[in-house]
Amino acid sequence: EEGLARVANGGEFDLVVSDVVMPGMDGPAMARSIRTVRPDLPFLFISGYAEAQLREEIDMDNVHFLAKPFSVQQIGDKVAAIMAQR
């Protein structure tokens with residue numbers, strides 16, 4: 001909810017990295033809300049659940065996924081690949 005407020009209040013971000021499952025607002029709900037003000041903002045969701053289990057919830061344009069556990073190298077590579085697409 002704090003991240004959503006920051007984006008909605010004009011915060012400049014290049015990428016949102018978020019867990020899918022969170023207390024309160026989950027990642028997909030947050031993404032849908034952010035997309036109303038920043039439709040082009042890419043998302044990288046991370047989760048301990050299998051991507052196939054979450055695919056329907058996160059089936060949006062410019063949404064990426066990284067399964068836990070991951071290394072610092074893996075998340076760095078994934079972020080670099082997403083940013084290279086911009």
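## Close-up views of a predicted chain

View 1. The side chains of R6 and E2 come together in a salt bridge, with N and O 3.0 Å apart. A salt bridge here is a side-chain nitrogen of Lys or Arg within 4 Å of a carboxyl oxygen of Asp or Glu. Because they sit 4 residues apart in helix α1 (residues 2–8), R6 and E2 are separated by about one helical turn. E2 is exposed at 56% relative accessible area, while R6 is partly exposed at 49%. For these words, buried means under 20% relative accessible area, exposed over 50%, and partly exposed in between (1.4 Å probe, protein chains only).

This is a predicted model, in which local features need pLDDT of at least 70, side-chain atom pairs count only at pLDDT 80 or more, and totals for chains, interfaces and linings use all residues. Residues are numbered from 1 along each chain as its sequence is written, and side-chain values use heavy atoms, leaving out hydrogens and water.

**View 2. The whole chain, to get your bearings.** The chain has 4 helices and 3 strands, and from the N terminus on they run α-β-α-β-α-β-α. Helices (H or I, at least four residues) and strands (E, at least two) are DSSP runs, numbered from the N terminus. The mean pLDDT, the predictor's confidence in each residue from 0 to 100, is 87 for the chain. Among the elements, α3 has the lowest mean (58) and α4 the highest (97).

**View 3. Strands β2 and β3 lie in parallel.** Strand β2 (residues 43–47) pairs with β3 in the parallel sense over 5 bridges; two strands pair if DSSP finds at least two bridges between them. Here F45 stands opposite F65 in β3. Of the 5 residues of β3 (residues 63–67), 4 are buried, so this strand is largely enclosed by the rest of the structure.

View 4. Beyond residues up to four places away in sequence, R35 touches L41, P42, F43, M60, D61, N62 and V63; contact means heavy atoms within 4.5 Å. R35 is buried yet has no salt bridge, and the nearest side chain of opposite charge, D61, is 6.2 Å away. Charge is counted as positive for Lys and Arg and negative for Asp and Glu, leaving out His and the chain ends. The side chain of R35 does reach the backbone oxygen of N62, at 3.4 Å. N62 sits in the loop between α3 (51–54) and β3 and has a positive phi of about 60° although it is not a glycine.

View 5. K68 forms a salt bridge with D19, their closest N and O atoms being 2.7 Å apart. This pair links distant parts of the chain, with K68 in the loop between β3 and α4 and D19 in strand β1 (residues 16–19), 49 residues apart. K68 is partly exposed at 37% relative accessibility, as is D19 at 21%. A cis peptide bond joins K68 to P69, with omega about -5°.

**View 6. Ile75 and its neighbours.** I75 lies in helix α4. Leaving aside neighbours within four places in sequence, I75 is in contact with V17, L44, L66 and F70. I75 and V17 are 58 residues apart in sequence and 9.9 Å apart in space, C-alpha to C-alpha.

Conventions:
A polar contact is a pair of N or O atoms within 3.5 Å; within protein, one must be able to donate a hydrogen and the other to accept it, and residues adjacent in sequence count only if both atoms are side-chain atoms.
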